[in-house]
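Here's a quick walk through one protein model, written for someone who likes cut-offs spelled out. Take a look at the sequence and fold first, then read on.

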Amino acid sequence: MMLFLQWFVNDKTVDFRKGVFKGLLTLEKDRIICDDKTYLIKDIENISITNSDYKYKHQRYKIFGPRLSIGTKNVITLQLKNKTLVKAFFQQEHDNQIVASEQELISYFQEGILGKKNLINLIGSF
């Protein structure tokens, strides 16, 4: 019964298939697009994503998890190497968009521009 309840509550609302994070904010391995401006990863010094509505909700392996949200107060801040600060608010169209961008977020961490704590807040453990 518990397995059916978990399947019904979680898998009916969460899509873990590979997708693409696109819209007014697009995350790609080599660039980030905010509105109509493109920022190359090589030009970014630091990325910070604040997602208080989504924080710690991507925990796939909990019995009643994950509990995902499209987010209501998401902010991405880019500190460029030329000292320009870019800040954009965003909301996901679907609850799986952060999950779909997991590989890009991990690559930003590996590049040293996204902090480990910020990455864990976004995608849980990795």
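## Overall layout

There are 4 helices and 6 strands in this protein, where helices (H or I, at least four residues) and strands (E, at least two) are DSSP runs numbered from the N terminus. Reading from the N terminus, the elements go α-β-β-β-β-β-β-α-α-α. Before going further: this is a predicted model, so local features need pLDDT of at least 70 and side-chain atom pairs count only at pLDDT 80 or more, while totals for chains, interfaces and linings use all residues. Residues are numbered from 1 along each chain as its sequence is written, and side-chain values use heavy atoms, with hydrogens and water left out.

β1 and β2 (residues 31–34) are joined in the antiparallel sense over 3 bridges. Across that pair, L25 stands opposite C34 of β2.

## The β4-β5-β6 sheet

Another open sheet takes 3 strands in the order β4-β5-β6, and its pairing is antiparallel too. Its edge strands are β4 (44–51) and β6, each pairing on one side only. Here the twist averages 15° from one strand to the next.

β4 and β5 run antiparallel and share 7 bridges, and T50 has V75 in β5 as its bridge partner. Between β5 (residues 74–80) and β6 there are 6 bridges, again antiparallel, and T77 is partnered by K87 in β6. The hairpin of these two strands has 4 residues between them, and K83 takes a positive phi near 75° there.

Which face of β6 is covered, and which is uncovered? In a regular strand, side chains alternate between the two faces of the sheet. In β6 (residues 85–90), V86, A88 and F90 make up the covered face, while L85, K87 and F89 are on the uncovered one.

## The α3 and α4 pair

α3 (residues 102–111) packs with α4 at an angle of about 170°, their axes 10 Å apart. Axes are lines fitted to C-alpha atoms, for helices over the stretch in contact, and angles run from 0 to 180 degrees between N-to-C directions. The two helices are therefore roughly antiparallel (over 145 degrees; under 35 is roughly parallel, 65 to 115 roughly perpendicular and the rest oblique). E102, L105, I106 and F109 of α3 make the contact with K116, L119, L122 and I123 of α4. Those residues divide into 6 nonpolar, no polar and 2 charged, with Ala, Val, Leu, Ile, Met, Phe, Trp, Tyr, Cys and Pro counted as nonpolar, Asp, Glu, Lys and Arg as charged, and the others, Gly among them, as polar.

Within α4 (residues 116–123), N118, L119, N121, L122 and I123 are buried. Just after α4, G124 takes a positive phi of about 80°.

Terms used. Buried < 20%, exposed > 50% of the residue type's maximum accessible area, 1.4 Å probe, protein only. Pairing = 2+ DSSP bridges. Contact = heavy atoms within 4.5 Å.
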